[in-house]
Amino acid sequence: MQNEIKISNGYFQLWKAFLKKNQLDWKVLDLTLEQQVLLDEVLSQPIDQQSSYAFFMELICATRQYLDCPNFAFAMAKCISPAHFGLLGYMASRSENLAQALEYVIRFSRLVIDGAHVTQMQYVREGQTIRMFCPLSDAKYIFLHEVTLAAMLYLAKQFVPLDQFPLLQMSFVNVPQIPLKYYQEFYQCKLKFEQPLYEVIFSTEVLSLKPEQADPNLIQLLVKQAEATLLQRAQLTTVAQHLQFIIAEYIKLEQQAPKIEDIAQELHMSVRTLQRKLSQLETSFKVILEEERMKRCEYLLMQKLTLTNIALDLGYSDQSALARAYKAYSGQTLLQKKQQLK
């Protein structure tokens with residue numbers, strides 16, 4: 001079905017790793033011949049390729065019938081490695097710090113989960129805390145939310161020492177799916193259930209932590225590959241979203257604003273065609289460019305760069321030009337925002 005959620009084949013490989021840890025072969029499960037053929041096909045494909053979430057849940061149900069494992073989602077999450085999240089996992093593990101890793105997780109989440117009903121995770125900084133959140137579009141995706149959140153956090157704790165990862169609160173839209181003690185043992189923080197959103201709240205102290213495998217040179221190649229993968233996917237929505245990906249990385253790598261001619265060429269269309277498509281979406285190249293520059297500006301503010309250096313990194317002529325642009329964008333002065341981020 002066109003609107004069905006697709007998940008990366010890494011989820012299937014994670015499930016296989018869980019079975020291996022429990023000394024099980026998937027062939028002992030009660031699967032139909034059609035399911036076995038499809039599973040063989042999925043497991044032979046690249047991890048970043050995407051397959052049916054509905055089929056994944058068929059495998060989960062068959063596994064639960066065979067194996068008594070009440071904390072199934074958490075047990076699966078503990079088998080995670082960066083490879084299971086494919087490109088996104090490698091990008092997170094090679095990022096310069098966890099702030100950059102978080103940025104990539106939000107920006108490229110559709111590499112892992114995609115579909116018309118997917119609402120991307122967002123995050124905001126509130127004082128000394130970071131709040132990541134997303135809604136639940138349908139109850140049939142509860143397991144997907146639980147295993148994904150658990151795997152993300154378990155993977156993050158592999159990058160940095162456990163005592164330096166200050167997880168403060170987890171909120172769930174659903175009621176507890178298993179006895180509460182399993183949630184408490186896994187997350188070891190304040191828990192809330194039957195909330196409006198899934199939320200992960202942690203201290204801003206974590207943002208400056210550097211993964212042991214940080215590799216700035218490799219990350220540039222991975223980002224370009226991630227962009228290319230997303231651009232090739234038919235369901236990746238609009239030209240505006242394509243622009244956001246490309247412009248954000250251009251600013252980061254080139255430290256200047258791209259020209260519309262360069263972006264149009266990257267998208268294999270004329271400048272006039274690009275302008276017409278953006279007009280149909282009631283936006284423009286200039287609007288998207290400034291939004292991405294301001295997002296990057298706020299990120300650089302968190303890295304404690306001087307305003308002069310930020311202006312140069314974003315391609316502004318001087319600090320005053322950046323200050324005017326930011327005030328027009330947010331209604332705040334740069335100094336006000338800098339104080340807010342302290």
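In which loop does Gln23 lie? Gln23 is placed in the loop between α1 and α2 (33–44), where helices (H or I, at least four residues) and strands (E, at least two) are DSSP runs numbered from the N terminus. The model is a predicted one, in which local features need pLDDT of at least 70 and side-chain atom pairs count only at pLDDT 80 or more, whereas totals for chains, interfaces and linings use all residues. Residues are numbered from 1 along each chain as its sequence is written, and side-chain values use heavy atoms, with hydrogens and water left out.

Although Gln23 is not a glycine, its phi is positive, at about 55 degrees. With a relative accessible area of 74%, Gln23 is exposed, on a scale where buried means under 20% relative accessible area, exposed over 50% and partly exposed in between (1.4 Å probe, protein chains only). A positive phi of about 55 degrees is also found at Gln255, again not a glycine, which lies in the loop between α10 (239–254) and α11 (260–266). Gln255 has a relative accessibility of 42% and therefore counts as partly exposed.

Aromatic contacts were then examined. A pair of aromatic rings is described by the distance of the centres and the angle of the planes. Rings of Phe, Tyr and Trp (its six-membered ring) are paired if their centres lie within 6.5 Å, and planes under 30 degrees apart count as stacked, over 60 as edge-to-face and the rest as tilted. The structure holds 22 aromatic pairs. In one of them, the ring centres of Phe18 and Phe72 are 4.9 Å apart and the planes stand at 45 degrees, so this pair is tilted. Because Phe18 belongs to helix α1 (residues 10–21) and Phe72 to helix α4 (residues 72–77), the pair ties together parts that are 54 residues apart in sequence. Phe18 counts as buried at 2% relative accessibility, and Phe72 counts as buried at 3%. For Tyr183 and Phe193 the ring centres are likewise 4.9 Å apart, but the planes stand at 80 degrees, so the pair is edge-to-face. This pair links distant parts of the chain, with Tyr183 in helix α8 (residues 180–187) and Phe193, ten residues away, in the loop between β7 (190–192) and β8 (198–203). Tyr183 is buried at 0% relative accessibility, and Phe193 is buried at 15%.

Thr63 is part of helix α3 (residues 53–66) and, at 1% relative accessibility, counts as buried.

Arg131 lies over the face of Phe133 at 4.4 Å from the ring centre, and Arg293 lies over the face of Tyr316 at 3.8 Å from the ring centre.

Ala321, Leu322, Ala325 and Tyr326 are the buried residues of α15. These residues cover an arc of only 130 degrees around the axis, which puts them on the same side of α15, the arc being that of the directions from the helix axis to the C-beta atoms. On the other side of α15, Arg324 and Ala328 are exposed. The buried residues of α15 pack against α13 (285–302), α14 (307–313) and α16 (334–340). At the start of the helix, a side-chain oxygen of Asp318 comes to within 3.1 Å of the backbone nitrogen of Ser320, while just after α15 Gly331 adopts a positive phi of about 85 degrees.

Finally, two separations along the chain were set beside their C-alpha distances. Leu98, found in helix α6 (residues 98–107), is buried with a relative accessible area of 10%, and its C-alpha atom is separated by 11 Å from that of Glu212, 114 residues apart along the chain. Leu209, in the loop between β8 and α9 (216–232), counts as buried at 15% relative accessibility; Leu209 and Ser270 are 61 residues apart in sequence and 43 Å apart in space, C-alpha to C-alpha.

Key:
Contact means heavy atoms within 4.5 Å. A polar contact is a pair of N or O atoms within 3.5 Å; within protein, one must be able to donate a hydrogen and the other to accept it, and residues adjacent in sequence count only if both atoms are side-chain atoms. A charge sits over a ring if NZ of Lys or CZ of Arg is within 6 Å of the ring centre and within 35 degrees of the ring normal.
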